[in-house]
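Here is a short briefing on one protein chain. Look at the structure first, then read the points by topic.

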Amino acid sequence: CNDEALRYNHTYGVICNSELGRHVHAMYNCNNFTLCDENEDEALCSPDRIIRYCTPGDLHGPDFYNFFPNNTRPLYPHQICATPRLGPYAYTCQDGMDQVNCTDASRVAMECEVRGYRTSLSVFALCLGYDLCLDGYQNQCNEVEGGCLLHKIELCDGKPDCPDGTDESTTFCSTVSTTRCVRSATKTPGNR
């Protein structure tokens, strides 16, 4: 999908030139397997462009990244804060490190301390059980009716996030505490 690949002057994944603009998800870029006819999915993967490393997702199996030191996957700019998964079990990074330090402000959900540094955290990192924020704040989530799982900063905030809008209903919001707290994270307006 080109709408995922190109967003607000940020590129996620790669668009193949020779295949009518086919999008190759960030998960499948820079994995030493060419998916585009003209090698676009591997062309931007030189060692000098590596931002950080992560634990690779389970999709490829434990032996897939053995050619990288310590079974780690290098991350490149076009993979940071991209949609982290294709389906319920196919993650780019098992540890969520592809979802920190976003440069696309539209994808930032909050800031927190990750591995000793204050950094941004992607909307895609909320409620997934990643061990990222020092205080675990990204996993403080509630299940609203109908199985809609939302982070507490998304509840009763004036913007419906669940498909049926129950997270903003008077009935639901009347049960939520009205105590005002100093938040360790703020939701960026217009996100998710």
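The count comes to eight disulfides, where a disulfide is a pair of cysteine sulfur atoms within 2.5 Å. The model is predicted: local features need pLDDT of at least 70, side-chain atom pairs count only at pLDDT 80 or more, and totals for chains, interfaces and linings use all residues. Residues are numbered from 1 along each chain as its sequence is written, and side-chain values use heavy atoms, with hydrogens and water left out.

**Terms for location**

- Helices (H or I, at least four residues) and strands (E, at least two) are DSSP runs, numbered from the N terminus.
- Buried means under 20% relative accessible area, exposed means over 50%, and partly exposed lies in between (1.4 Å probe, protein chains only).

**Disulfide of Cys 81 and Cys 102**

- A disulfide joins Cys 81 to Cys 102, with an S to S distance of 1.9 Å.
- The torsion about this S-S bond is about -80 degrees, so the disulfide is left-handed.
- The pair links distant parts of the chain, 21 residues apart. Cys 81 and Cys 102 each sit in the loop between strand 6 (73-75) and strand 7.
- Cys 81 counts as buried because its relative accessibility is 1%. Cys 102 is buried too, with a relative accessible area of 10%.

**Disulfide of Cys 127 and Cys 141**

- Cys 127 is joined to Cys 141 by a disulfide (S to S 2.1 Å).
- This link is left-handed, with -100 degrees about the S-S bond.
- Cys 127 lies in the loop between strand 8 (117-122) and strand 9 (141-144), while Cys 141 lies in strand 9, so the pair ties together parts 14 residues apart in sequence.
- Cys 127 has 14% relative accessibility, so it counts as buried.

**Disulfide of Cys 156 and Cys 173**

- Another disulfide joins Cys 156 to Cys 173, S to S 2.1 Å.
- With -105 degrees about the S-S bond, this link is left-handed.
- Cys 156 is in the loop between strand 10 (148-151) and helix 3 (170-173), and Cys 173 is in helix 3, so the pair ties together parts 17 residues apart in sequence.
- Are these two cysteines buried or partly exposed? Cys 156 counts as partly exposed at 29% relative accessibility, and Cys 173 counts as partly exposed at 22%.

**Strands 9 and 10**

- Strand 9 and strand 10 pair in the antiparallel sense over four bridges. Two strands pair if DSSP finds at least two bridges between them.
- Cys 141 stands opposite His 151 in strand 10. Glu 143 stands opposite Leu 149 in strand 10.
- The hairpin of these strands has three residues between them, and Gly 146 takes a positive phi near 80 degrees there.

**Nonpolar cores**

- A nonpolar core is a set of buried Ala, Val, Leu, Ile, Met, Phe, Trp, Tyr and Cys residues joined through side-chain atoms within 4.5 Å.
- The largest core has 24 residues. Met 97, Val 100, Met 110, Val 114, Leu 121 and Leu 132 touch the most other members.
- Strand 7 (residues 108-114) gives the largest share of this core, five residues.
- A second, separate core has six residues, including Cys 148, Leu 155, Cys 162 and Phe 172.
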